[in-house]
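Take a walk through this protein chain, from its overall make-up down to single side chains. Keep the structure open and follow along.

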Amino acid sequence: MWPNRVRRRIVVAKYDVRSPRADEFINHEEIMDTLAYAEAHKDDVELARSILQKARANLTPAHDHGTTLTHREASVLLACDDDAMNAEIRQLARDIKQAYYGNRVVLFAPLYLSNYCVNGCLYCPYHAKNREIPRRKLTQEEIRAEVVALQDMGHKRLAVEAGEDPRHNPLDYILESLQTIYTTKHENGAIRRANVNIAATTEDAYRQLKAAEIGTYILFQETYHRERYEVLHPTGPKADYAWHTEAHDRAMAAGIDDVGLGVLFGLEGYAYEFAGLLMHAEHLEAVFGVGPHTISVPRVQPAMDIDPDAFDNGIPDEMFEKIIALIRIAVPYTGMIISTRESADLRARALQLGVSQISGGSRTSVGGYTDEQRPRDTEQFDVSDQRTLDEVVGWLMDEGHIPSFCTACYRAGRTGDRFMEFCKSGQISSFCAPNALITLAEYLADYASPVTAASGWQTIERELALLPEGRRDACAAYIARVRDGERDFRF
């Protein structure tokens, strides 16, 4: 049913950032040593200040990117509880985000294809032993209907989701679904980038996903603590910690340029997960020369037969926000994602501290977008921010952000090391800023409510004036053509 694999126990593992073995590049002893070091130095304000000063070099992005903080340095900052230092951390995170991504916020939506799953994950309502949840798998016609509904909202970018089930959700089904997503067009709508969040698989399968023109391959580690991981994943192929943790290496070896990391905060102590997440980013950078294209920061939320209080590692909002800020400081080039799991208020604060991508108008149920009422019985998790996409777009502009539906880098071949070359050197803004305005203009012309449209055109005029003269004139010309009915321009 799935590839034969031997689960290996490493009796003595040494930390090696370049190792292909999960127990060596995410090394338990190294994490424990890091946490002990951070605890011992948490009151050393001078050390914290020197680490923060090192990170300030990222305010002027440089191609060699030699100022990235290590997982140990960042862990010291996480442990520091000096109020003045924590205020400096938050401010530096804001400034670094501005240096790399400006005030642009990329929008996307998840699309759940199937909730059939053979795994026994204790934190997910899709687990195989849940006999109460209705199981559903979309047909290609149903996928087309979902895509049309998403296009009619204004979305151009999706995150494709499916449970792990070799019989119901084989790779061929995912590949066929991607073709359906990309070829479905309704009026001026089109899905221009489909990121994929499916279970760890083989290098050959990743090659096929690459050939299907996926955007980013996303896989959450859930928890980097191996013993905790194995308790939380008692059955199914996902129970193999090494196979799961090494998946991004196989994906990148297969030619997928962009991969996304994430942990489900709340399953294990946040300091352990934070160190493991940064070690994973360091590993990808060391081996492939390209760190994670995105890092997601979900927290455990209520869902059918899942009670977050059953997990004793919940994170208060203040610490969660600090983690977001420090990920932005330590991995300044990555796109940071926060979903509708979180409230509108928390998402507003997260956007200030480093988040650069958010979902909008999301439904986390299979077939949820074509149902008039939000389905609850097949949701993977409760959606806290239930505003429509139009409301989210208007809110972002009220908060001083530029909503972006841009997919230009992926379609122009600016992925992997090519994207990082532009991002790390600070040149990505010359593409992203005008492309964000062009795609916002498309949204305003085709989908926005009158109130959002009025605010949006004012936002575009204001932001156009801030572009360099050459880019400004070309961008304004494209936007004029959008208002005349043409579509799909990009730098």
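The model is predicted. Its protein chain holds 20 helices and eleven strands. Of its 491 residues, 60% count as buried. Sequence distance matters for reading the contacts. Among contacts between residues at least 6 apart in sequence, 75% join residues at least 24 apart.

Turn to the core. In soluble globular proteins, nonpolar side chains tend to be buried together. Here the largest nonpolar core has 141 residues. Which of them touch the most other members? They are Ile329 and Ile358. Beyond its neighbours within four places in sequence, Ile329 is in contact with Leu52, Ala55, Asn58, Leu69, Ile89, Leu92, Ala93 and Ile96.

One of those partners is Leu69. Leu69 sits in the loop between α3 (45-55) and α4 (71-79). Is Leu69 buried or exposed? Its relative accessibility is 4%, so Leu69 counts as buried.

Step on into α4. Its buried residues are His71, Ala74, Ser75, Val76, Leu77 and Leu78. They pack against α2 (28-40), α3, α5, α12 and α13.

Helix α12 spans residues 270-288 and contains His280. At 0% relative accessibility, His280 counts as buried, because the cut-off is under 20%. Leaving out neighbours within four places in sequence, the contacts of His280 are Phe25, Ile26, Tyr224, Thr245, His248 and Leu261.

Next comes helix α14, residues 344-353. Leu346, Arg347, Ala348, Ala350, Leu351 and Leu353 are its buried residues. These pack against helices α5 (83-101), α13 (317-330) and α15 (389-398). They also pack against strands β1 (104-114), β9 (335-338) and β10 (357-359). Just after α14, Gly354 takes a positive phi of about 150°.

Now look at a helix pair. How do α7 (residues 171-183) and α8 (residues 203-211) cross? Their axes come within 10 Å and cross at roughly 10°. Angles under 35 degrees count as roughly parallel, so α7 is roughly parallel to α8. From α7, Leu171, Ile174, Leu175 and Leu178 meet Ala205, Gln208 and Leu209 of α8. By class, this contact has six nonpolar residues, one polar and no charged. An α-helix has 3.6 residues a turn, so residues three or four places apart point the same way.

Last, the cysteines. A disulfide is a covalent bond between the sulfur atoms of two cysteines. How many disulfides does the structure hold? It holds zero. Take Cys124 as a case. Its sulfur is 6.1 Å from the closest cysteine sulfur, that of Cys121, and therefore too far for a bond. At 10% relative accessibility, Cys124 counts as buried. Cys406 is likewise in no disulfide, and the nearest cysteine sulfur, in Cys432, is 5.9 Å away. Cys406 is buried, with a relative accessible area of 10%.

Key. Residues are numbered from 1 along each chain as its sequence is written. This is a predicted model: local features need pLDDT of at least 70, side-chain atom pairs count only at pLDDT 80 or more; totals for chains, interfaces and linings use all residues. Side-chain values use heavy atoms; hydrogens and water are left out. Helices (H or I, at least four residues) and strands (E, at least two) are DSSP runs, numbered from the N terminus. Buried means under 20% relative accessible area, exposed over 50%, partly exposed in between (1.4 Å probe, protein chains only). Contact means heavy atoms within 4.5 Å. Axes are lines fitted to C-alpha atoms, for helices over the stretch in contact, and angles run from 0 to 180 degrees between N-to-C directions. Angles under 35 degrees count as roughly parallel, over 145 as roughly antiparallel, 65 to 115 as roughly perpendicular and the rest as oblique. Ala, Val, Leu, Ile, Met, Phe, Trp, Tyr, Cys and Pro count as nonpolar, Asp, Glu, Lys and Arg as charged, and the others, Gly among them, as polar. A nonpolar core is a set of buried Ala, Val, Leu, Ile, Met, Phe, Trp, Tyr and Cys residues joined through side-chain atoms within 4.5 Å. A disulfide is a pair of cysteine sulfur atoms within 2.5 Å.
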